[in-house]
Amino acid sequence: MGDSVTGLARVLEELGSTLLHLVCGELPQKEIGGVVIHDPLDEPELPDNALVLGVGLRDDLPGVVARLGGRGAVGLVVRGPVEPDEQLVAASRDSGVAVLAFTRGASWNHLTGMLRTLTAESDPYDANGHTRSGDLFAVANAIAALLDAPVTIEDRNSRLLAFSSRQEEVDPSRVQTILGRQVPVHYTRILEERGVFQSIYRSNRPVFVAPLPESGELPRVAIAVRAGDEILGTIWAVVPEPLDEERSESLFEASKLVAMHMVWQRADADSERRLRADLLSAALGSGPGSREAVQRLGLRDERAIVMALTAAPAATEAPAQAGADRKRLADAFAMHLAAAHPRAVAALIGDVAYGILPLARHDAEERPRVIAAEFLARVGSRLRPLIGVGRLADDISALARSRSSAEQALRVLRAGVLDQQVALFDEVHVEALLLELADLVPQADLPSGAIARIVGYDSDHQANLAETLRAWLDAFGDVAEASAAMFVHPSTFRYRLRRAAEVGGIDLGDTNARLAAMVQLRLMHIRSAGRDS
């Protein structure tokens with residue numbers, strides 16, 4: 001039942017002319033093998049039959065189309081408007097790559113999400129002939145056919161989940177909803193002030209929503225989508241008048257179907273997360289099943305690096321909310337890495353999201369840091385995400401070692417030793433070793449000897465001799481630099497330093513004595529930072 005191929009024709013059918021339209025070329029009857037963002041400075045590796053998103057691409061479109069055809073792509077999406085001149089038409093025909101225009105003002109991130117939803121299943125129908133849980137677009141089109149009206153399906157927060165065709169027939173608010181994949185805030189606020197949502201949530205039947213006078217909006221009918229007592233979202237249809245009894249009953253029955261799909265979608269997503277987490281955990285281990293797990297994740301025996309992401313919940317945040325935030329953060333991390341490399345994979349394991357990022361031979365050492373920094377710059381969260389980047393693994397047999405080093409780098413960040421959110425293991429190796437050393441030293445044994453005497457003196461006399469000694473050691477004996485760091489005159493600093501040596505009974509000319517003092521002071525700082533973080 002239905003078309004078993006999620007190809008360009010189905011993408012255009014589901015997303016309609018509101019977002020995409022064909023500029024030139026034929027629509028090949030091939031399943032889309034993946035969605036990839038084009039980078040002219042660092043061309044990504046393409047899966048077979050890739051649909052390429054040409055973000056910011058304007059120059060030499062015929063040349064790009066020709067090159068993509070040579071790499072097995074089926075389509076190129078560029079920001080509209082696009083004129084199909086003779087060169088572009090010829091390049092599309094010769095390469096077999098269809099060119100599509102993406103509506104100006106719409107979000108590339110949202111398009112990527114919708115395309116991945118549509119291409120997640122090669123067959124939109126299961127073995128029983130029912131539409132799969134992820135294919136809410138097909139459900140929206142079925143409801144639209146029943147009501148003879150454009151339809152949207154939205155979650156409880158007015159985020160767009162799916163929409164039917166014919167959206168070009170409606171008003172500006174609906175168009176903005178499609179382009180932004182979110183109902184405009186001002187329109188949502190008006191509905192809340194008018195008590196529309198309360199009416200929809202209280203009723204089991206469709207509710208007619210009259211437009212505001214002189215607003216330019218069209219009337220709508222809406223119904224809540226329920227799973228028991230839980231409200232999952234709403235279905236909205238643009239209609240000229242209240243529905244008659246027959247169509248009202250059709251929409252009521254359709255809401256039950258949408259509820260099942262939304263519940264299945266949630267279950268499918270959780271099941272997929274668990275499977276991916278299990279496979280990733282095995283791939284990052286050193287057990288006998290690691291190589292098979294790597295293959296099932298679609299990875300190759302190639303250079304890669306492991307990244308570890310976590311975030312600490314706020315003190316007032318409920319555990320359930322913190323867990324939901326981590327899950328959303330992990331999903332966003334997985335999408336971000338997939339945009340950086342088509343074979344990248346990520347999953348949440350415990351409270352840490354691990355990612356495996358394949359690297360090409362020509363990739364710069366800074367690439368993982370740049371990718372991590374870009375993710376942190378884009379993600380919005382009440383949490384403060386931290387990312388540890390492990391050592392480079394030359395092949396899949398070294399993934400476990402890369403994971404261990406990523407965890408060590410992440411631990412340095414979590415301990416609050418450094419005021420940053422991204423750490424490469426090679427750059428924080430010493431701090432990681434000091435943390436391990438601090439684990440071995442009993443709490444009562446630190447400080448000891450000369451440092452214990454100096455700390456005791458500071459406590460009894462409200463002095464700062466320990467801080468003075470640490471500043472001097474950190475500056476490698478440069479009094480000018482150390483005194484400037486403590487905002488005191490060099491003569492005052494020298495006096496305090498001599499006093500620290502006298503109180504502690506430490507010979508500052510002795511290399512071993514200096515090393516012992518530096519290690520103790522560093523361990524004390526690490527423990528202090530750990531208590532404060």
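Which residue in S10 is the bridge partner of Arg-220? In this predicted model, that partner is Val-238.

Zooming out, S9 and S10 sit in an open sheet of five strands, ordered S7-S6-S10-S9-S8, with antiparallel pairing. At the edges you'll find S7 (160-163) and S8 (207-209); each has a single partner strand, so one side of each is left without a neighbour in the sheet. On average, and ignoring direction, neighbouring strands here are turned by 25° against each other.

The sheet also has a helix on it. Helix H6 (residues 172-180) packs there and touches S6 (151-155), S7, S9 and S10. Its direction makes about 60° with that of S6.

Now for a helix pair, H13 and H14. Their axes come within 9 Å and cross at roughly 75°. Angles of 65 to 115 degrees count as roughly perpendicular, so that's the label H13 gets relative to H14. Here is who makes the contact:

| Helix | Residue range | Contact residues |
|---|---|---|
| H13 | residues 399-414 | Gln-408, Arg-411, Val-412 |
| H14 | residues 429-440 | Glu-431, Ala-432, Leu-435, Glu-436, Asp-439 |

What is the make-up of the H13 contact with H14 by class? There are four charged residues, three nonpolar and one polar.

Technical notes. Residues numbered from 1 in each chain as written. Predicted model: local features only at pLDDT ≥ 70, side-chain atom pairs only at ≥ 80, totals over all residues. Heavy atoms only, no water. Pairing = 2+ DSSP bridges. Helix = DSSP H or I, 4+ residues; strand = E, 2+ residues; numbered from the N terminus. Axes fitted to C-alpha atoms, helices over the stretch in contact; angles between N-to-C directions. Contact = heavy atoms within 4.5 Å. Parallel < 35°, antiparallel > 145°, perpendicular 65-115°, else oblique. Nonpolar A, V, L, I, M, F, W, Y, C, P; charged D, E, K, R; others polar.
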